[in-house]
Amino acid sequence: MGKSSRADTAARAAQMRAEVERKERQRKQVIAAVVAVVVVIVAVAVGVAVSNRPKPAPAATGADAALSALVSLPQATLDASAAPDPNFAPAKLEGGTPLTQDGKPKVLYVGAEYCPFCAMERWALIGAMARFGTFSGLTPTTSSSNDVHPDTPTWSFAKAKYTSDVLAFEAVETQDRNQQPLQTLEGQNLQLFTKFNPGGGIPWIDYGGTNASNGATVDANVIDGKTYDQIIAGIKDPNSEIGKTMNPAINLITAQLCQMTGGKPTNVCTSSSVLTASVLLKKK
């Protein structure tokens, strides 16, 4: 074979090898592309499945957990609490007449969202009234950042509703957290507030038209700077500083409510802590 033939043969062989290599590269590229598409499809399918999976309810924390615990305080916890200070008992309203709504004795609360003392008193009032009925629509908030005891954790009554077989409840939050007008105090509520609270102090709570409290009935310094979690933890511990001021206030308000309802519900109004607070009310 001549040199020219050998050269041609080598060239054809090289071309064949190049063609084989080119086709192998194409085959690998096709396989890689198919694999990539499959990966994308699987990823999308997994993503859709995960996104459609029912999401677990978030764990209750902060305000939600605190409210849940506050409205379901064990009787044993309240019975283990210190006796209330009679100086915090709602005062008798001279010339007051029974205040009712839908045939039930009524509690009238007048306050404001910015007010730190209102913020503190709501804890005790909610804790007590939850023993007679059910709240809905309580909105977590804090008192003003620019007042004493700033940013005190609490709940607003502005959108709240209360359901009970033995009590009625009405709240008027006159201003929001920024001291802007919120709800209007008018009609009979305004007349009562003006007549029996000429100084206009808040929180002001009328218990059935015959008794009322003006100002917080808890020690503000003990609550100052505390979080929802810290406050409710203190309430759960009758021997804590918070428990020593908040729990007696809850029991004292409960005793006042029991006077209004004629001792109903019996299991609440005959508990040892409420009976002790009732004795103090009679001495007031």
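This is a predicted model: local features need pLDDT of at least 70, side-chain atom pairs count only at pLDDT 80 or more; totals for chains, interfaces and linings use all residues.
Let's start with confidence. The mean pLDDT is 86, and 78% of the residues reach 70 or more.

Is R122 buried or exposed? With a relative accessible area of 0%, it counts as buried, because the cut-off for buried is under 20%. Leaving out neighbours within four places in sequence, its contacts are Y109, A112, E113, T154, W155, S156, F157 and E173.

The structure has ten aromatic pairs, and one of them joins Y109 and F157 edge-to-face, with 4.9 Å between the centres and 75° between the planes. Y109 belongs to strand β3 (residues 104-111) while F157 is in the loop between β6 (153-156) and β7 (161-164), so this pair ties together parts that lie 48 residues apart in sequence. Y109 is buried at a relative accessible area of 0%, and F157 is buried too, at 2%.

Another pair brings together W155 and Y228; this one is tilted, at 5.4 Å centre to centre and 55° between the planes. Here the link runs from strand β6, which holds W155, to helix α7 (residues 228-236), which holds Y228, and the two residues are 73 apart. W155 is buried with a relative accessible area of 1%, and Y228 counts as buried at 13%.

Ring pairs also link Y109, F135, F157, Y162 and F169 into a cluster. Beyond four places in sequence, F169 touches V107, Y109, L125, M129, F135, F157 and Y162.

**The nonpolar cores**

F169 shows up again in the largest nonpolar core, which has 56 residues; W123, F169 and L257 have the most contacts inside it. Which helix gives this core its largest share? That would be α8, with ten residues. There is also a second, separate core of eleven residues, including L108, V172, L185 and A212.

Helix α2 (residues 62-70) has G62, A63, A66, A69 and L70 as its buried residues. Looking down the axis of α2, they fall within an arc of 135°, so they line one face of the helix. What they pack against is α4, β5 (139-142), β6, α7 and α8.

Helix α10 (residues 272-283) has twelve residues and spans 17 Å from its first C-alpha to its last, close to the 16 Å expected. Its buried residues are S273, V274, A277, S278, L280 and L281. Viewed down the axis of α10, these fall within an arc of 160°, so they too line one face. The cover over them includes α3 (75-79), α8 (241-261) and α9 (266-269). On the face of α10 turned away from the buried side you'll find the exposed residues K282 and K283.

A few spots have backbone angles worth checking on screen:

| Site | Feature | Angle |
|---|---|---|
| I202 to P203 | cis peptide bond | omega near 0° |
| K264 to P265 | cis peptide bond | omega near -5° |
| H149 | positive phi, not glycine | phi near 45° |
| D151 | positive phi, not glycine | phi about 55° |

P203 is in the loop between α5 (187-196) and β9 (204-207), and P265 is in the loop between α8 and α9. H149 lies in the loop between β5 and β6, as D151 does. H149 counts as buried at 13% relative accessibility, whereas D151 is partly exposed at 33%.

**F117, back on helix α4**

Two of those sites come together at F117, a residue of helix α4. Its contacts beyond four places in sequence are V148, H149, P203, A216 and A220. Although F117 and P203 are 86 residues apart in sequence, their C-alpha atoms are 6.8 Å apart in space. F117 itself is partly exposed, with a relative accessible area of 30%.

Methods
Residues are numbered from 1 along each chain as its sequence is written. Side-chain values use heavy atoms; hydrogens and water are left out. Buried means under 20% relative accessible area, exposed over 50%, partly exposed in between (1.4 Å probe, protein chains only). Contact means heavy atoms within 4.5 Å. pLDDT is the predictor's confidence in each residue, from 0 to 100. Rings of Phe, Tyr and Trp (its six-membered ring) pair if their centres lie within 6.5 Å; planes under 30 degrees apart count as stacked, over 60 as edge-to-face and the rest as tilted. Helices (H or I, at least four residues) and strands (E, at least two) are DSSP runs, numbered from the N terminus. The expected span of a helix is 1.5 Å times one less than its number of residues. The arc is that of the directions from the helix axis to the C-beta atoms. A nonpolar core is a set of buried Ala, Val, Leu, Ile, Met, Phe, Trp, Tyr and Cys residues joined through side-chain atoms within 4.5 Å.
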